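Trainee: I would like to learn how to read the places where parts of a protein meet. Could you take me through them one at a time?

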Amino acid sequence: MSKPIKQIHLAAHFPGVNNTTVWSDPAAGSHIEFDSFRRFAQTAERGKFDFLFLAEGLRLREHHGKIHDLDVVGRPDTFTILAALAAVTERLGLAGTINSTFNEPYDVARQFATLDHLSAGRAAWNVVTSWDAFTGENFRRGGYLAKEDRYDRARSFLHTTWELFDSWADDDLVADAARGTFVRRAEVGEFAHQDRHFDIAGQFNVPRSPQGRPVIFQAGDSDEGRDFAASSADAIFTRHSTLEAGQKFYADVKGRLARFGRSRDDLRILPAATFVLGDSDEEAQELAREVRLAQVSPATAITFLEQVWNTDLSDHDPDGPLPEIDPVETEQLVSEGRAAARIEDRRATAQAWRERAQAEGLSTRELIIEVTGRQSFVGSAKTVAAQLNELVQADASDGFILVPHITPDGLTPFVDRVVPLLQERGVFRADYTGITLRDHLGLPPLGERGRTEAAS
Amino acid sequence: MSGPFLGVALTAGGWHPQAWREDGARAQDFFTAGYWVDLVAEAERGVLDFVTFEDEFTLQSPYAGAPARRVDHVTGRLDAVLTAARVAPTARGIGLLPTATVAHTEPFQLSKAIATLDFVSGGRAGVRLRAGANATEARHFGRREFPDSPVGTADWRRAVAAAFTEVSDYAEVIRRLWDSWEDDAEIRDVATGRFVDRDKLHYIDFHSEHFSVRGPSITPRPPQGQPLVTVLAHQQDGFELIARSADLGLVTPRNPAQLGQIRAAIRAASPERTLPDPPIVVADVVVFLDGSEAAARARKERLDLLEGAEFGSDATVFTGSPTDLADLIEDWHAAGADGIRLRPATIPDDLTRIVEEVVPVLQQRGVRPSRYDGSSLRERFELTAAINRYAPA
């Protein structure tokens, strides 16, 4: 029997505060006005996408102790903008990144339960964890969490919210005016949770929401992060968007599910992917080169260089060769507040870069363009549709979270030109067939009480 | 317009604990977006200045001292900030004031949430800060302890004073964060490759017993610059908090004479105030409306009978006709209330009567507008444009 044809899942990542987003393009609009979010979401919904995805950062990034000013800076509050977007969309899933380190379970559970009610079952939570004291400076508890404890707290936080979501049964809310019964029992919402991170008890005050709880996303790539996803997530947001790396990651994570009593269909694997479309493959390649030049300005090239060398290279010529000095190994980092700045072995990275630059005759800026974030899909709509489908059918992923480089209309060409081709091939929905985000993702029903007992 | 400001306090079903059982109350819809969208649309039909959304981190209890929970009361509520945000894109002119709790939340998070609500509503956002310093809510978070001291004791008074100091600090932090971006910080200067002028982003470096916040906000300065900060106060500590920190103070006088005393107390505490405008004082009234005073009282008694107790409130309880209520609103306005917040005893009945029968009387008297004029909420309340504390003069 041949392998059944998989249906592709597509999501739209609102352009973020990093150099993928080309703010210098004349078509680039506001990153903060609601109209940009409305247009972006409505385009994704027109394309029958599974969901919209928002990232989050809780401290403005710094470079040399100053606010990094070369990329887009500033974004709205995740929960608030998603609640507003629920008003201007009908089916699109609404996924938000929310930190488990600088929040508390009762509040976050209420906000997600509320979002799920207000969107009629479209909420999703990308659970992230941070431990840096730098971000902690904006919060009551400061940098209290040790790096090695972050997944332990995240897991405990997540499972505690599940206990809160499950504290109301589906039929607890009665609202029978004639009988005078608003709730079935006075003990609704009762919970008690005690572990090394949380010691809480009482009554949760939001009735069970349409999905029971939000769809859970996880984005960690370490062994621990993968286990966290395999045990607890409904979908995983990854960086592995190529065939080989994707297949390896896919097999690894799907292979972990059985250990947690879960089936291979319980978790969707969705890499982030960028794209550049052209009328022909050649035109797309040309456009992609222009986009990369815009994404890596001379000043941005120096910033990337300084993140690896961890020292001031502001006098370095971006059009000249890489620096001859070796990277500086200190605790104090040149860049703070961004994941990309956490480089494990600076000397090895610098050496690899030097070798490549020499072999290919690349200047500093050209090298940075090559080693940082090339576009995932470049080509005509036909080429991109074929590549994308091939990756999904080859189990390199279950679909993609597309990251356009222009706000807010960068998604439009994909929706207008690639989506119809995928629909023609019968690998992407022609229209929504379900109501909730769980429906769109083809996830099995949660059941009355979820799986708190099984997972905690 | 020199007439009174007018708003309604929305809560699922209305303010009487048995209101949800009335015909048309839509109790099955309390946790849906449509319910709240419809209530706000109804309030906008009356061209009201603002609506408030109640919230707390605990199940509702209509009685102080929390006796055994009853299954015949509305139980559970949605997050108020998100409810306001869900409504905002559908609203055309009304101010949105959700309630937020201070003791267990992060000022950094709330500041950007309200800034975002201001963006989404086109400059019509505010927030009502409540302390939330009680034992029940504290157990839901497990980070702090707030002993439930008997009301009126020295311990209780100390606890209230400490809680209100924290509210004041919290208000200061969210305000500084709103100002932490100058309005023209985003420059998109292609020539230098700079998206922002970092000299126009500011650390706020606030330190207090309960939080230290470095800043700047991750969200740019909202359209109003400073969305409205509101506090509900019942006694001296609260009046001082209004004087110190609030753009708008909600108060609960029993009569016009008490209103005068409250205003005096706020004025006496105002030397500490650094905001440019004096606080707007808005008096709360719970309303049972009907064709006559007798009919309104009969409605209330019928609901009280279902409840098995006489309805009581921290605010004045009004029973009467729409014309009687219009008179009260004007009388209280004359006695020193800048505005009135009506708490409908039942929704939709009392809300509909406010919109269809009370507002038209006030419009005929020339003290309420007949349409929205596109103003921001600060402009509606005739507040001066918010100056950014970090911008060069």
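Mentor: Let us start with charge pairing: between domain 1 of chain A and domain 2 of chain A the count is zero salt bridges, a salt bridge being a side-chain nitrogen of Lys or Arg within 4 Å of a carboxyl oxygen of Asp or Glu. Please keep in mind that this is a predicted model, in which local features need pLDDT of at least 70 and side-chain atom pairs count only at pLDDT 80 or more, while totals for chains, interfaces and linings use all residues. Residues are numbered from 1 along each chain as its sequence is written, chains are lettered from A and ligands numbered from 1 in the order in which they are written, and side-chain values use heavy atoms, with hydrogens and water left out.

Trainee: Which residue ranges make up the two domains of chain A?

Mentor: Domain bounds come from an automatic or database domain assignment, and here domain 1 of chain A covers 9-279 + 375-455, whereas domain 2 covers 297-371. Their centres, taken over C-alpha atoms, are separated by 32 Å. Eleven residues from domain 1 of chain A and 14 residues from domain 2 of chain A take part in the contact, which means heavy atoms within 4.5 Å.

Trainee: How much area is buried between these domains of chain A?

Mentor: The size of an interface is often given as the accessible area lost when the parts come together; buried area is that loss for two parts, with a 1.4 Å probe, summed over both. Between domain 1 and domain 2 of chain A about 1,100 Å² is buried, and carbon and sulfur atoms give 53% of this. On the domain 1 side, A:Arg61, A:His63 and A:His64 lose the most area to domain 2, together 43% of what that side buries.

Trainee: How many residues does each chain bring to the contact between chain B and chain A?

Mentor: Chain B brings 74 residues and chain A brings 80, and the area buried between them is about 6,400 Å², with 59% from carbon and sulfur atoms. B:Leu82, B:Arg143 and B:Arg198 supply 11% of the area that chain B buries against chain A, more than any other three residues.

Trainee: How many salt bridges are counted between chain B and chain A?

Mentor: The count is eight, and A:Arg110 forms a salt bridge with B:Asp55, where the closest N and O atoms are 2.8 Å apart.
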